[in-house]
Amino acid sequence: MSHPVAETAPGEHIDALALVRDTIAAADGPAEAGQRAVEILYERFPSYDWVGIYWVDPSATELVLGPWTGPEATEHTRIPIGTGICGAAAASGQTEIIDDVNLDPRYLACFTTTRSEIVVPIHHEGKVVGEIDIDGSDPAAFGPPDARFLEEVAALLAGLRPRLDEQPT
Ligand code: SME
């Protein structure tokens, strides 16, 4: 018997999406919700070796690192929009999948172990308000199913964006 839904969205993505949705609903505020969301992605997907959320700052010129989890901190806590793969995705509003970061001249290096990267913009009311950034230690760790899944996660995260009267932490 065929399962068309399972063919387009793997069960692990359906399960993780439901968990992120429930966790956000149960969290005590947006900061906790965002932190739990990145931890769910990091824990459930072995190829997601560093997971962070950047928010667009109130001036709309920079990305500011919000919740993240992974083996080490990044020095890139602020990235001008238009700079790096993160800044490119924020400028275009399009998901970026980079199979080999060493071949992409835009790449801003964070970790020596990173070989591939996916950046998925978070939209709200037609604007990019943030993005999910995930680094992988294997080449081509990410593909279209990750993009589709993470775009759904991003839609859930839009409600967690810092409001104009609050600075991201
Ligand atoms: N590699 C990103 C910078 C962010 S770190 O990966 C966490 C870029 O090229 O924009």
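Visitor: Which residue's side chain meets Asp 100 in a salt bridge?

Guide: Happy to start there, with a note that this is a predicted model, in which local features need pLDDT of at least 70, side-chain atom pairs count only at pLDDT 80 or more, and totals for chains, interfaces and linings use all residues. Residues are numbered from 1 along each chain as its sequence is written, and side-chain values use heavy atoms, with hydrogens and water left out. A salt bridge here is a side-chain nitrogen of Lys or Arg within 4 Å of a carboxyl oxygen of Asp or Glu. At 3.6 Å from N to O, the partner of Asp 100 is Arg 115.

Visitor: How many residues apart in sequence are the parts that Asp 100 and Arg 115 tie together?

Guide: Both Asp 100 and Arg 115 lie in the loop between strand E4 (96-98) and strand E5 (116-124), so the pair ties together parts whose separation in sequence is 15 residues. Strands (E, at least two residues) and helices (H or I, at least four) are DSSP runs, numbered from the N terminus.

Visitor: What separates Arg 36 and Glu 39 in helix H3?

Guide: These two side chains form a salt bridge, with the closest N and O atoms of Arg 36 and Glu 39 2.9 Å apart. Arg 36 is partly exposed, with a relative accessible area of 30%. Because Arg 36 and Glu 39 are three residues apart in helix H3, what separates them is about one helical turn.

Visitor: Why are the buried residues of H2 on the same side of the helix?

Guide: Helix H2 (residues 11-26) buries His 13, Ala 16, Leu 17, Val 20, Thr 23 and Ile 24. On the other side of H2, Asp 22, Ala 25 and Ala 26 are exposed.

Visitor: Which helices do the buried residues of H2 pack against?

Guide: Contact is counted when heavy atoms are within 4.5 Å. By that rule, the buried residues of H2 pack against helix H3 (30-44) and helix H5 (144-157).

Visitor: What is the phi of Glu 125 near?

Guide: Most residues other than glycine have a negative phi. Glu 125 sits in the loop between E5 and strand E6 (127-136) and is exposed at 72% relative accessibility. Its phi is positive, near 50 degrees.

Visitor: How far is a nitrogen atom of the ligand from an N or O atom in the side chain of Glu 117?

Guide: The ligand is surrounded by 13 residues, where being near it takes a heavy atom within 4 Å. The closest are Ile 85, Cys 86, Leu 108, Cys 110 and Glu 117. A polar backbone atom of Cys 86 lies 2.8 Å from a ligand oxygen atom, and a backbone N or O atom of Leu 108 lies 2.8 Å from a ligand nitrogen atom. For the side chain of Glu 117, the distance is 3.0 Å.

Conventions: Buried < 20%, exposed > 50% of the residue type's maximum accessible area, 1.4 Å probe, protein only. Polar contact = N/O pair within 3.5 Å; in protein donor to acceptor, adjacent residues only side chain to side chain.
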